[in-house]
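Reader: Hey, could you walk me through this protein? I'm new to reading structures.

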Amino acid sequence: MAQEHFDIAIIGGGPGGYSTALRAAELGKSVVLIERDATLGGTCLNRGCIPSKTLLTATHAVENMRHAKAMGINVSVESIDFGKLRTFRTQTVDTMTKGLAGLLAHRGVTIVRGEAVMQPCGSVHVTPVEGLGHILRFVKAGVGEPIDGELEIVAEDIVIATGSRPSPLPDNPFAGALIDSTQALELDTFPSSAVIIGAGAVALEFASMWRTAGCDVTLLIRKDRVLSAWERRTSATLTRELKRRGVNIITHSHVTHVETGANLGATVHYTREGSEADMSAYGEVVLAAIGRIPNTDADWFEACKLERDARGFIGIDAFGRTNLDHVWALGDITSGHSLAHRAFEQGIVIAEKIAGLDPKPVDDDTIPQVVFSFPEAACVGLSLDEARARKDVVNAQETVYPMLSNSRMLMSGSGGSLSIVSGAYADNPEVPLVLGAHIVSPIASDLIAEAEQLVGNHVPLHDAARLIHPHPTFSETFGEALLKADGRPLHTR
């Protein structure tokens, strides 16, 4: 069996794994990245963020055409060429994954394609991926060198970034028309009718995409509104906007089982709060989007005695260290927001810590959450309830900005909401800061970046309100909200 030595071995080539590799190589470490898939990028690049946003970009064009009629521009969508749409999606993904492979090669990161198993002694044992026949080693991007037999990788530090997978419904595995998000992205056409189970980002993005393309969408949610864990005004506004766009939202529902027969389609059986009556909803497809499961159930996790909680998440400290010396973990296998940009920062922190630098740990309060629905929703930092529950925060206040007083929002034809949470920390009670922001608007995903900077850098509210926002733009909504929070509103009361 061949043996190779590196400073750092990384298991998993998704956002967390490759960000660790890129930063560690930049700091002079020898790095090997082990991935079993044919392409790098993990779920995000291949089966999640990038392909889904490609399709959402396409359906945005349909949304814009429909709104154009209200402005006197008579256009219509004759049809969707699903062949070209599929090509658009696959080419976008291909461009991104090839670019990533080239960047890693440029930084000197060795890529090994194979099945990785961490050994109790701390090395990594690599075997060929099923069906491939041999391990592939990439020093140059796209040029694989076959390695016969198996490979042992010895490294000073091991980083685990094995990602997650869609969670099935209890006692209802994915089968037939009951599909997960990966299968939904690979459909040759958009369905004519769909039932979506879930109220999170994945569920809402598919609901927006399919409904805009003409699909009859029924959304089954367990609470009274979508994104129920978010700040109430934000989630209530998005619930209203989705309904206004024709999404049939059934609240307080509990799915009992999904019936998938030999015929096309599937029937979802459910009950509603306060009633035991069996109800049903039929769809050409049924998308279960109820969360994801961390990929930590392989035998070697137990054999190596990696500490995991009841849900399978690996326990880590603020810098990504596990209970094992020189073993680190990040991304979807750690408790917290399952977001690519969180994994990016975790990877940078781990690489810098291994290299002997003194990075700051990842601050969950500065991790933006974004839903690319129609309209978009985004938040960062604390809600008012969270701020008031914190012992280190005083004088927490919420400022609500009326979005339709902004000209660009009015032109967009979309409703929305924006609230800013401000307050001071107990050790400096005289200086109010921006503690959180919660937005529903057509470009909330971009607006939230400014809020993240203010929250993360602890910018005093008065200084933040002095920042000038260009007129007339969507970003003015945030500037006006800051002025109002600072007690000197301009175009609002």
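Author: What follows is a chat about sheets, a helix, some single residues and the cysteines.

Reader: What kind of model is this, and how are residues numbered?

Author: It's a predicted model, with residues numbered from 1 along each chain as its sequence is written; local features need pLDDT of at least 70, side-chain atom pairs count only at pLDDT 80 or more, and totals for chains, interfaces and linings use all residues. Side-chain values use heavy atoms, with hydrogens and water left out.

Reader: OK, sheets. What order do the strands take in the five-stranded one?

Author: The order is E10-E17-E11-E12-E13, in an open sheet with parallel pairing. Strands here are DSSP runs of E, at least two residues, while helices are runs of H or I, at least four residues, and both are numbered from the N terminus. Two strands pair if DSSP finds at least two bridges between them.

Reader: Which strands stand at the edges there?

Author: E10 and strand E13 (248-250) do; each has a single partner strand, so one side of each is left without a neighbour in the sheet.

Reader: How many bridges join E11 to E12?

Author: Five, between E11 (residues 193-197) and E12 (residues 216-220), which run parallel.

Reader: What does Asn 172 touch?

Author: Leaving aside neighbours within four places in sequence, Asn 172 is in contact (heavy atoms within 4.5 Å) with Leu 178, His 257 and Val 258. Asn 172 is in the loop between strand E9 (164-166) and strand E10 (178-179).

Reader: Is that residue buried or exposed?

Author: Asn 172 counts as buried, at 12% relative accessibility. Buried means under 20% relative accessible area, exposed over 50%, and partly exposed in between, using a 1.4 Å probe and protein chains only.

Reader: Switching to helices: how far apart are the ends of H9?

Author: The end C-alpha atoms of H9 (residues 340-354) are 21 Å apart, which agrees with the 21 Å its 15 residues should span at 1.5 Å a residue. That expected span is 1.5 Å times one less than the number of residues. Its buried residues, including Ala 343, Val 349 and Ile 350, pack against strand E1 (2-11), helix H1 (15-26), helix H2 (42-47), strand E8 (151-160) and strand E19 (327-329). Just after H9, Gly 356 takes a positive phi of about 90 degrees.

Reader: What does UniProt put at residues 367-481?

Author: The unreviewed UniProt entry has "domain: Pyridine nucleotide-disulphide oxidoreductase dimerisation" there; such positions use the numbering here, feature names are shortened, and annotations may be inferred rather than shown by experiment. That stretch is 31% helix and 31% strand.

Reader: How many residues of E23 are buried?

Author: Nine of the nine residues in E23 (residues 417-425). E23 pairs with E22 (residues 393-401) in the antiparallel sense over seven bridges, and with E24 (residues 433-441) in the antiparallel sense over seven bridges. Val 394 has Ala 424 in E23 as its bridge partner.

Reader: Last one: how many disulfides are there?

Author: Zero in the whole structure, where a disulfide is a pair of cysteine sulfur atoms within 2.5 Å.
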